[in-house]
Amino acid sequence: MAKLQSLEVVDAGSSACARAPLGLLAELTHRCPLQCPYCSNPLEMDRADAELTTAEWRDVMRQAGELGILQLHLSGGEPAVRQDLEEILEAAVQAGLYTNLITSGVTLTRERLASLAKLGLDHVQISIQDTDPANAERISGYKGGAGKKREVARWVKEFGLPLTINVVVHRHNIENLPALIDYAVEVGAGRIEIAHTQYYAWALRNFAALIPTREQFYASVRTTNEAKERLKGILVFDVVAHDHYAVRPKPCMGGWGRNFIVVTPSGKVLPCHACETIPALEIDNVRQRPLADIWLNGGAFQAFRGTAWMKEPCRSCERREIDWGGCRCQALAMTGDASNADPACALSPRHKDFALLAERESHKPSPPFVYRRMSGIQSDAPSGSAMTAPPKA
């Protein structure tokens with residue numbers, strides 16, 4: 001098949017690239033009723049008229065199945081605002097993909113969720129902002145969401161679907177982590193994802209408003225570890241670690257170009273959510289180039305795949321094929337060069353500055369949120385929320 005001829009370009013045994021990605025994150029739309037200040041969508045979001053059509057998304061699903069992708073994460077924005085979600089899901093099921101709907105839940109009806117389950121949806125992941133309804137409304141910029149999310153969780157279990165609760169953790173909800181874990185158990189979730197805020201896109205813009213103290217972070221680690229033991233066999237924990245108080249980086253997306261593909265609403269194909277911030281990165285679009293060819297040979301995927309691109313201290317580090325250099329977007333944001341060592345690593349010359357920035361901002365009063373909006377950054381945005389190194393003495 002012509003669409004898969006490019007598979008022969010890369011050696012199937014190469015350690016630099018898996019034969020096929022494990023998962024595809026399909027950002028069906030950037031439209032969303034919530035305005036969370038930590039959103040991973042870019043500051044300049046795709047408008048509805050730029051989104052892939054129903055037929056184009058269905059073709060992406062077909063190509064994903066042919067490429068050998070196993071998992072599909074239907075995300076956004078809010079994927080349920082797409083009126084053709086059922087048609088896209090149907091194509092994914094036909095392609096043999098394991099389907100996971102990542103949703104805020106606030107736009108779903110019982111009838112629609114029943115329809116999705118009947119079509120073959122495999123899993124639902126509901127995001128919550130806090131167990132305190134007032135604080136959840138303040139964080140999300142959306143009123144009345146807390147009750148609706150609990151109702152949707154009940155429908156998920158009614159239709160026999162596995163449920164994950166997703167919590168993005170930051171200084172405005174980290175003290176409520178025990179209650180958030182208990183919430184997951186109460187609604188019948190089998191899994192909870194505790195994702196400490198990753199500082200790119202809107203979260204980077206809100207850095208000073210979101211960053212917790214080191215003490216808060218360590219307390220959350222103790223809370224999570226205790227809950228893992230207490231809830232063994234009841235709740236599975238996936239934890240996305242905080243970077244500013246780390247000594248070693250985590251592999252970005254499981255390693256750049258190794259495990260995951262992101263397709264944006266307008267069809268751009270990315271190794272990670274935030275990589276469009278990297279200058280001169282050659283980003284392909286599924287409208288012009290087959291998904292398999294982009295995965296194996298696309299400039300963006302090749303740029304930081306494997307280890308050949310690495311500078312010191314990464315190049316000679318014994319962990320270079322464990323963390324794969326960490327986060328390229330974070331290296332760019334902090335050092336100005338995406339090929340530098342991730343500042344989360346203690347071996348980075350900028351590690352101390354990186355940690356000091358968090359210490360400094362987390363002990364100041366939180367500035368107001370800059371809420372995620374399709375119109376982008378507002379002129380009254382608070383200062384001090386961008387990730388910039390503290391001035392050198």
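**Exercise 1. Determine what share of the contacts with a separation of 6 or more joins residues 24 or more positions apart.**

Solution. A contact means heavy atoms within 4.5 Å. Among the contacts in the protein with a separation of 6 or more, 75% are between residues 24 or more positions apart.

The structure is a predicted model, in which local features need pLDDT of at least 70, side-chain atom pairs count only at pLDDT 80 or more, and totals for chains, interfaces and linings use all residues. Residues are numbered from 1 along each chain as its sequence is written, and side-chain values use heavy atoms, with hydrogens and water left out.

**Exercise 2. Decide whether the radius of gyration agrees with that of a compact globule.**

Solution. The radius is taken over C-alpha atoms, and the globule rule is 2.2 Å times the number of residues to the power 0.38. For 393 residues the rule gives a value near 21 Å; the protein has 20 Å, which agrees. Along the principal axes, the C-alpha trace spans about 60 × 50 × 45 Å.

**Exercise 3. Describe the setting of His-196: its strand, its burial and its contacts.**

Solution. First, the element: His-196 belongs to strand 6, residues 191-196. Strands (E, at least two residues) are DSSP runs, numbered from the N terminus.

Second, the burial: buried means under 20% relative accessible area, with a 1.4 Å probe and protein chains only. His-196 counts as buried because its relative accessibility is 4%. Of the 393 residues of the protein, 54% count as buried.

Third, the contacts: leaving aside neighbours within four places in sequence, His-196 touches residues including Val-169, Ile-174, Phe-217 and His-242.

How values were computed: Buried < 20%, exposed > 50% of the residue type's maximum accessible area, 1.4 Å probe, protein only. Helix = DSSP H or I, 4+ residues; strand = E, 2+ residues; numbered from the N terminus.
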